[in-house]
Amino acid sequence: MTIRFDDAWQGARQVAEEVARGGRDVVLARDLTGRISLILDDRASALPSEDQASIERRLSAVAGPFAAAMPTLLASGLFAPEVFLDSSDLGLVEDRRIGRGRLRTADRGAVGGDWTTTPKASDKRVTLYGFKGGVGRSTATFLLARHLASEGRCVLVVDLDLESPGVGALLQHEANLPEFGLVDYLVEAAVGNEAGVDLVVRSQIIEPVGNGEVWVAPASGRPRRGYDYIAKLNRVYVDLPAGAEGDHGLRFADRIHAAVEACEAEVARRSRTPEVVLLDSRAGVHDLAAVAITRLSGYSLLFAMDNPQTWTGYRALFRQWGRIPELARTMRDRIQMVASFVPPGGGEGEYLSGFRDRAQACLAETLYDDAASDDPDAYNPAPADDSAPHAPLPIVYTGELVGLDHVRSPNWYSSTLVNAAYERFVRGAAEFVRGEP
Amino acid sequence: MSSLPGRQSAFGAAARRHYDDAVHLCEHSRHASADHLSGFAAECALKDLLVGFLGARVPERGGPPQDQAGTSYGHLPQLWSQVQVTAGGRVGAQFLSLLAGDNPFGDWDVSDRYADGSAITAQRAWQHIRAANRLLTVQQKARLRGAIS
């Protein structure tokens with residue numbers, strides 16, 4: 001039987017689990033071409049060569065053409081093994097227990113590594129993400145920012161949808177956008193020239209009564225002669241290699257993190273520390289979304305329309321987290337589904353009920369614990385559980401927003417219909433942001 | 001960010017030195033030692049990739065890790081596989097063309113320095129020198145790309 005990519009990994013994982021169960025720490029690695037090898041930690045206890053040969057034979061058999069040329073590597077023979085084995089980009093599958101070793105994975109892709117890195121999130125940051133575009137995300141970001149500011153909060157909105165920016169223009173008139181945007185910060189910081197790049201501006205469109213403020217960090221600076229957005233965008237995804245002594249390089253994720261921190265620091269300097277930071281993420285399985293959801297934000301609002309392609313997409317995304325139990329537990333506490341666009345009137349109940357069932361099925365299959373588990377602490381909420389991440393915050397469809405030109409209709413957000421459509425989302429998301437769902 | 005060489009890039013300079021010496025010895029029919037140095041040249045180039053591009057770090061105490069007691073030397077042929085399992089992301093992808101093929105140092109062993117060398121043929125020594133040359137070319141291109149990006 002031909003061994004395909006997925007079969008090879010599953011088989012290799014079983015071999016790795018068996019070795020770990022025998023008490024040895026292992027790292028199961030899959031390189032850029034998909035070839036698999038198992039790193040055996042022999043530093044504390046030597047591994048007899050016949051045992052290594054036996055593991056190698058089993059691994060080669062299950063991985064077939066996806067077995068690496070050296071299917072097993074000994075940690076004692078690695079260059080600077082502590083650096084490789086203590087690296088934060090390894091995914092923990094099973095931790096050490098009495099008599100059992102630790103199993104971790106190192107899955108190397110050309111892109112996508114940030115979906116499974118250990119979260120280093122800040123609870124004040126919230127990502128708004130849709131697997132597919134056109135789900136009302138930027139409008140929702142605008143209205144949520146306005147609501148939070150009306151409660152007296154200082155809110156910063158960062159437009160991380162660099163390929164199709166939008167929320168910046170919703171929050172500020174074009175002529176009053178800051179001189180620079182996120183792409184400017186990223187290219188200037190790459191050559192150490194980021195000082196003086198002011199990239200946030202206080203919204204003059206949302207001006208709440210009271211103490212609240214809305215600040216925006218747009219993707220692009222103010223359009224002007226000689227301002228080349230695309231040339232900068234084409235350079236933002238690079239990882240910077242290590243350079244001079246003490247400089248270990250900066251990965252794309254670190255660079256985005258630094259840019260968001262720079263936005264927060266600028267708001268703090270010019271007014272006060274933002275209490276909530278909304279990250280308007282780009283759609284799809286993209287590294288920018290990965291960084292926003294897993295690296296930057298404490299919570300994520302996941303927008304979806306109830307159709308098969310959306311659930312297939314979310315299932316694939318959640319499965320990546322689900323493969324690493326610790327990450328699955330972390331991420332399911334940090335996400336909340338948003339149902340857009342709910343048909344108004346009589347069809348609403350039926351749509352939401354179907355959405356909820358399919359969201360629950362998607363999460364039960366990927367991030368929730370096994371329903372059959374006898375562990376009393378197992379987390380597997382029923383479809384009807386209103387506090388579960390699958391219980392959606394609804395956004396109702398409204399024709400008012402179709403083809404809306406917010407410049408020609410500057411008071412679009414005051415419309416009763418628009419506010420009614422987003423009301424339950426805004427209320428629920430605000431509770432979610434405050435940590436009181 | 002500058003890509004000017006720091007202490008960590010001593011691996012790059014060492015790779016070049018071992019390579020030049022390997023070529024010199026091979027041209028004078030000193031094949032066993034040439035073969036040995038070609039492996040060291042490849043090891044240094046691979047360590048430069050690990051430290052310069054793939055997140056490995058030279059310990060703070062100073063000097064490459066092989067100078068320090070209790071740390072691993074990281075020799076071929078396993079070192080080649082270590083680069084394969086470490087290379088990831090956009091930076092790592094540039095080394096794919098080099099590492100996707102077979103390990104040309106699969107038959108090279110650091111402990112051959114204790115052997116009498118009679119088994120090392122000119123053909124084998126030149127093969128390893130050519131493989132080391134390919135590695136050095138990749139390493140230098142990566143450095144250049146880093147310096148101008």
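In what order do the eight strands of the open sheet in chain A run?

## The sheet of chain A

This is a predicted model. The eight strands of the open sheet in chain A follow the order S8-S9-S7-S10-S6-S11-S12-S13, and their pairing is mixed. Strand S8 (201-202) and strand S13 (393-396) are the edge strands, each pairing on one side only.

Strands of a sheet pair through backbone hydrogen bonds, either parallel or antiparallel. S7(A) and S9(A) pair in the parallel sense, over five bridges. Leu156(A) has Trp215(A) in S9(A) as its bridge partner.

## Helix H8 and its buried side

Helix H8 of chain A covers residues 252-270, 19 residues in total. At 1.5 Å a residue the helix should span 27 Å, and this agrees with its end C-alpha atoms, which are 27 Å apart. The buried residues of H8(A) are Phe252(A), Ala253(A), Ile256(A), Ala259(A), Val260(A), Cys263(A), Glu264(A), Glu266(A) and Val267(A). Because these residues cover an arc of only 160° around the axis, they lie on the same side of H8(A). An α-helix has 3.6 residues a turn, so residues three or four places apart point the same way.

## Two domains in chain A

The domain assignment divides chain A into domain 1 (5-110) and domain 2 (115-434). Taken over C-alpha atoms, the centres of these two domains are separated by 36 Å. Six residues from domain 1 and seven residues from domain 2 take part in the contact.

On the side of domain 1 that touches domain 2, strand S4 (residues 91-94) of chain A gives the most, with three residues. By class, that side of domain 1 has two nonpolar, two polar and two charged residues.

Ala20(A) is in helix H1 (residues 5-21) of chain A. Is Ala20(A) buried or exposed? Ala20(A) is buried, because 23 other C-beta atoms lie within 10 Å, where 20 or more are required.

Gly99(A) is 79 residues from Ala20(A) along the chain, yet their C-alpha atoms are separated by 9.1 Å. Leaving aside neighbours within four places in sequence, the contacts of Ala20(A) are Val26(A), Glu94(A), Arg100(A), Gly101(A), Arg102(A) and Leu103(A).

## Backbone details

In chain A, a cis peptide bond joins Ser340(A) and Phe341(A), with omega about -15°. Phe341(A) is in strand S12 (residues 335-342) of chain A. In chain B, the peptide bond from Leu76(B) to Pro77(B) is cis, with omega near 5°. Pro77(B) lies in the loop between helix H2 (31-53) and helix H3 (78-86) of chain B.

Ala80(A), a residue other than glycine, has a positive phi near 45°. Ala80(A) is in the loop between strand S3 (67-74) and helix H3 (81-85) of chain A, and counts as buried with 21 C-beta neighbours inside 10 Å. Ser29(B), also not a glycine, has a positive phi near 60°. Ser29(B) lies in the loop between helix H1 (10-27) and H2 of chain B. With 9 C-beta neighbours inside 10 Å, Ser29(B) counts as exposed.

Note on methods
Residues numbered from 1 in each chain as written. Chains lettered and ligands numbered in written order. Predicted model: local features only at pLDDT ≥ 70, side-chain atom pairs only at ≥ 80, totals over all residues. Helix = DSSP H or I, 4+ residues; strand = E, 2+ residues; numbered from the N terminus. Expected span 1.5 Å × (residues − 1). Buried ≥ 20, exposed ≤ 12 C-beta atoms within 10 Å, placed from the backbone. Arc of directions from axis to C-beta. Domains from an automatic or database assignment. Contact = placed C-beta atoms within 7 Å. Nonpolar A, V, L, I, M, F, W, Y, C, P; charged D, E, K, R; others polar. Pairing = 2+ DSSP bridges.
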